[in-house]
Each structure stands twice: as structure tokens, then as C-alpha cells.
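Visitor: I would like to go through this model and ask what each label rests on.
Guide: Go ahead; the structure comes up here.

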Amino acid sequence: MLFMAVVSYPSFQATVNMEDVDVQRSIDKEKTFVDDFVHIKLRITNNGSKRIDYLEVFDVFPGEGTFKLVLGDNTIGTRIDPGESVAFSYILQAKQRGEYRLGPCRVVTKDRSGFIFEEKELEAYTTLLVYPTYEDVRRMKSFASRRREGMVYGAHRTRQKGLGSEFYGIRGYTTDDEYRRIDWKASARTGKLMIREYESEKNIRVMIFLDASSSMVSGSKFDNKLEYSIRAALLLAHLALERRDPVGLIVFSDRLHYYIEPKSSSGQFYRILEALARVEGSGKKNLYGAIDYVVKRMKKDSFFFIITDMEESSQFFLRALTLARSYDNEVILISPFGPFFEAGKLEGVDLALLEAISEELWERREKLKSQIRRLEIMDVIDVSPQDFFPTIIMEYLKAKKKGGSGLV
């Protein structure tokens, strides 16, 4: 040991310079979805004039269930000659939406005996944005493709190809009608000229209000009310944009997190997607501030989809809904009820305590809902993890129908 300290250590210091070690990281994509895979590659170069007999590199990535190592290894041990490079790679699966930094890199060099080493942390970072899961949208597309567009969850439609509108019915011909719209088969059956009528869809303007206050993130990190609400908001935005409806988003707590004005352009979905990926729950609720911000910047006669748990709601909550209605906006209030999202994860005493709390919360909630209904709110709906997504789809289709249609 004395020999190592007196002879080997000075020699090791003379031959190894950590500044000569360069690490470069690259990833195959900078943005991905939950459950998708990311390929990470690292290249280590010895820029010095001396050989490094033993070099160990450990690449750090966020843990705690946010990423899963599925292939390869995020560490390597190797010898590297001067001017040479070595590379290794591994594959991660993203498990939680959000914006993350891969890194830093921990580099360890050792002498031949392995007794003497030096460690350094290289500030090498790579940013990766993980979108909310796209699986809900894929599921909806798959379901709709089997039952035709719009026929989700029992909402059946009949369309005639090429007309871009829905068949409404048949009526008698008048002199103001176009000759090409005569239904000759119906005319032959009745002995009178008959006209086919179609119901054309009108676009509605959809504004999504997403509550990102601290009460929305209580419970599991992965399955709390906020995470389900984000997925529901993404599903609603995609569904509306496919029908060419302008869609906007505002994320709020006691401050404004994000605001995206309603549009139906091709890039709108990704604007909303990027905002939802970065949402973090914090603070108290201020729905009034969010609605006040929106009504001053938008036209009247829109559909406000408000996703909130209605917990910690003050007198300003009702005033906020009153403000929205005063600008001729229809309000659909979709509310995840906390105990529905937590009951499946508890047992024994904890479950009994939750049930007792649930009764009190439910009574308070029912009183608030009775006050809300006096404002002629279109719908106030409690949702659980099981019915959240079917509810958001049905409420959109109901809004679409209420939004008006014209006969052509």
C-alpha cells in the first residue's frame, strides 16, 4: 500500500488527465410518446497522448419509473488508446410524460492495479420531451374505423359518399329546389317529385380548460386525476380537430400555465400536445382568472370544456361559470372525483378512511353541483378512470349536435 501511494499514484497522475476524456451523447429522437422507445448512443474519445488502461463511463438517466432500460447497458468499461474512440448504446422506454434531461456522465479512470482511481462527472446533458400516451387516440381510431367515422360509443351516423353531409330525410319538391337533388326512386314510388335533404355539420369552437392545481396530483404519480385529465384533453383535441373544429387550450392553477388560442390548422394538435407534455401540477385553483383571460380574447358562442376536480372551490368558482355563461358560451364541466382514482390502491384501514372522507366530499360536491345547474350549465359530470374517456367523447358529440346544423 505504501509502495502504491509513493510510486503508483504519481505515475497515475502523470499519465491520466480527465480533461482529455470527451463524451458525446446522441439520441434518435428528441420527442417521443409514453411507452415508445428511445435509442441513446455515446461516443467516448481519448484526446490525450497517453493510453487510459481502464475507463468506466456511466450514463445517468431519470429513474423513479420515468424510464425503463429495455435493451443494452448504460455503462461501459474499456481501455482506450490516445486519439481513439469507443462507442456504446442502449434503449430506454419512456414511462411518464414530461420534459427530461439525460445525463450527466460519470467517468472513472483506474490504474492497472485497480487500487488508484479518479472520478469525474461530465456536464453532458440531452433534453428529451415525452408526450402523453397516444394509445387512447389509436384506440379511438381503431374503434371508429370499424364503425365508420363518428360512430363511437353508440353514436351512429349515416353518410352518403361525396356529399360531405348527413342524410336527413325526404320531402316534396318545390320550385325553389335544385333539379339535381330529386330522388327519382322516391318520386316513382309516390308519384310525386321528391327531394333528398341532408343535414350539414357546422363547426363549433372548443376551448379546453385544464385544472393543474395541486389537488389534481394527489395520489399515484402515474394514475392521478391530472394524468387522466391530460389524456382526456388530448383525446378531445384530436377528435375535434379531425372534424375541423377550432380547438384551444388553457392550463391553469392559481396562475396561467399555458394558453393556446383556438385554431383548426394542421399544426394545432402538436401545439396542444407539447403544452400537455410539460404540464406540472402546483398551486391552488383560479378558474375565474382563466375564464376572464379567455373571454377577453375569444369570440362568444364557444363550448368551454372545463376539466377540474372542483375541490377547494371558492365563491369565485361559481362566479367564473357565471362569467362564461354571460358571454353566451356553453359550459361542459367534467370532474374527476378523487376517491374514484384512489380507492383501487388502498386496503384495510386506509380504504375505510377514504370511504368516510368520500361521503363528506360527495355531499359537498352535490351542493355545489345544484348551484351550478342553476346557471344553465350544459352538463356537470363526475368521472372515474373507467368512464373518463367515453364521457369526453360523448360530451363532444353532444356539443357538436347542439352546436347547430343546417338542412341542404
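**Labels and their cut-offs**

Guide: Leu-239 has a relative accessibility of 9% and counts as buried. The model is a predicted one, in which local features need pLDDT of at least 70, side-chain atom pairs count only at pLDDT 80 or more, and totals for chains, interfaces and linings use all residues. Residues are numbered from 1 along each chain as its sequence is written, and side-chain values use heavy atoms, with hydrogens and water left out.

Visitor: Why is Leu-239 called buried?
Guide: Buried means under 20% relative accessible area, exposed over 50%, and partly exposed in between, with a 1.4 Å probe and protein chains only. Leu-239 is at 9%, so the label is buried.

Visitor: Where is Leu-239 found, and with what is Leu-239 in contact beyond its neighbours within four places in sequence?
Guide: Leu-239 belongs to helix H4, residues 225-242; helices (H or I, at least four residues) and strands (E, at least two) are DSSP runs, numbered from the N terminus. Beyond neighbours within four places in sequence, Leu-239 is in contact with Met-140, Ile-393 and Tyr-396, where contact means heavy atoms within 4.5 Å. Its C-alpha lies 9.5 Å from that of Leu-397, a residue 158 places away in sequence.

Visitor: What makes Phe-209 and Phe-304 a tilted pair?
Guide: Rings of Phe, Tyr and Trp (its six-membered ring) pair if their centres lie within 6.5 Å; planes under 30 degrees apart count as stacked, over 60 as edge-to-face and the rest as tilted. The structure holds 15 aromatic pairs. In this one the ring centres are 4.9 Å apart and the planes are at 50°, so the pair is tilted. The pair links distant parts of the chain, since Phe-209 is in strand E14 (residues 206-211) and Phe-304 in strand E17, 95 residues apart. Phe-209 is buried at 0% relative accessibility, and Phe-304 is buried at 1%.

Visitor: Why is the pair of Phe-337 and Trp-362 called edge-to-face?
Guide: The centres of Phe-337 and Trp-362 are 5.0 Å apart and the angle between the planes is 70°, so edge-to-face applies. Phe-337 lies in the loop between strand E18 (330-336) and helix H8 (338-342), and Trp-362 in helix H9 (residues 348-373), so the pair ties together parts 25 residues apart in sequence. Phe-337 is buried at 3% relative accessible area, whereas Trp-362 is partly exposed at 32%.
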